[in-house]
Amino acid sequence: MPSPCRTRSHCRFLILVLSLASVALLAPSVSRSDIDPPPIPVPVTLPPPVGPAPQQSGSASAQATEAAAPTSAKKTTVAATPSFSSSIVAEINRTRRAHGLRALRASAALVRAGTEHARVLATAGLFTHSWSDGKLFGAWIRGFYSPSTYRVWSAGENLLWSASALTARNAVSQWLASPSHRRIMLLPSWREIGVGTVRALAAPGAYGGRDVDIAAAEFGTRTK
């Protein structure tokens, strides 16, 4: 067979081209996820808190105001109720399974977040997704549930308060009855949950000096 080389320099050129082609074929491919920057963590849109309106006990669509009501003469006391928190988690997971969704694993970080938020709200007489100092949910939740080192991070919260006897099933039913709360609770992408509940006696501000239960359900997703 005749040689494809016309001259010695032409042969050296062909060998170089073939060598470079071989290197290109052996080089690993790079996916878009390897070269693109990681997504900026953004919390989901939160629904308004659920609580009774001034004259409507148990209204699922009412949003409590942050304006302070007259302070009760009784001293406010606030205590966490972890057994109630656990029962709400169990009811949320039962509801998710009934809708064909995965159950959520418990997160100690989200339990702390929910408990401390419920405690702060009860003490300050506020009912809002923000902290008592006005810090928005997307900012304060990171102090408990950090997005650091994670490529994907998201968090959400459902709130509820009641001056009447509250059960886990009743709490979840009220969230299900509100489209925005239902969306948060049944979001397929959630992986973790932590619920904080407190019993506040003579709760001031938005609670009108009443004895109330406050529940803060924190949902989260973190992926390396």
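Let me start with a pairing: strand β2, residues 105-106, runs parallel to β4, and two bridges join them. Two strands count as paired here if DSSP finds at least two bridges between them. In that pairing, Ala 106 has Ile 193 of β4 as its bridge partner.

Before I go on, this is a predicted model: local features need pLDDT of at least 70, side-chain atom pairs count only at pLDDT 80 or more, and totals for chains, interfaces and linings use all residues. Residues are numbered from 1 along each chain as its sequence is written, and side-chain values use heavy atoms, with hydrogens and water left out.

Now the overall layout. The protein chain has seven helices and five strands. Read from the N terminus, the order is α-α-β-α-β-α-α-β-α-α-β-β. Helices (H or I, at least four residues) and strands (E, at least two) are DSSP runs, numbered from the N terminus.

Back to β4. What else pairs with β4? Gly 194 stands opposite Glu 218 in β5. The hairpin of β4 and β5 has six residues between the strands, and Gly 205 takes a positive phi near 60° in it.

How many of the 12 residues of β4 are buried? The count is 10, so β4 is largely enclosed by the rest of the structure. Buried means under 20% relative accessible area, exposed over 50%, and partly exposed in between, with a 1.4 Å probe and protein chains only. For the protein chain, buried residues make up 42% of the 224 residues.

Next, helix α3. Its 17 residues, 82-98, reach 24 Å from the first C-alpha to the last, close to the 24 Å expected at 1.5 Å a residue. That expected span is 1.5 Å times one less than the number of residues. Among the buried residues of α3 are Phe 84, Ile 88, Val 89 and Ile 92, along with Glu 91 and Arg 96. Just after α3, Gly 100 has a positive phi of about 75°.

Last, contacts, meaning heavy atoms within 4.5 Å. Of the contacts in the protein chain with a separation of 6 or more, 74% are between residues 24 or more positions apart.
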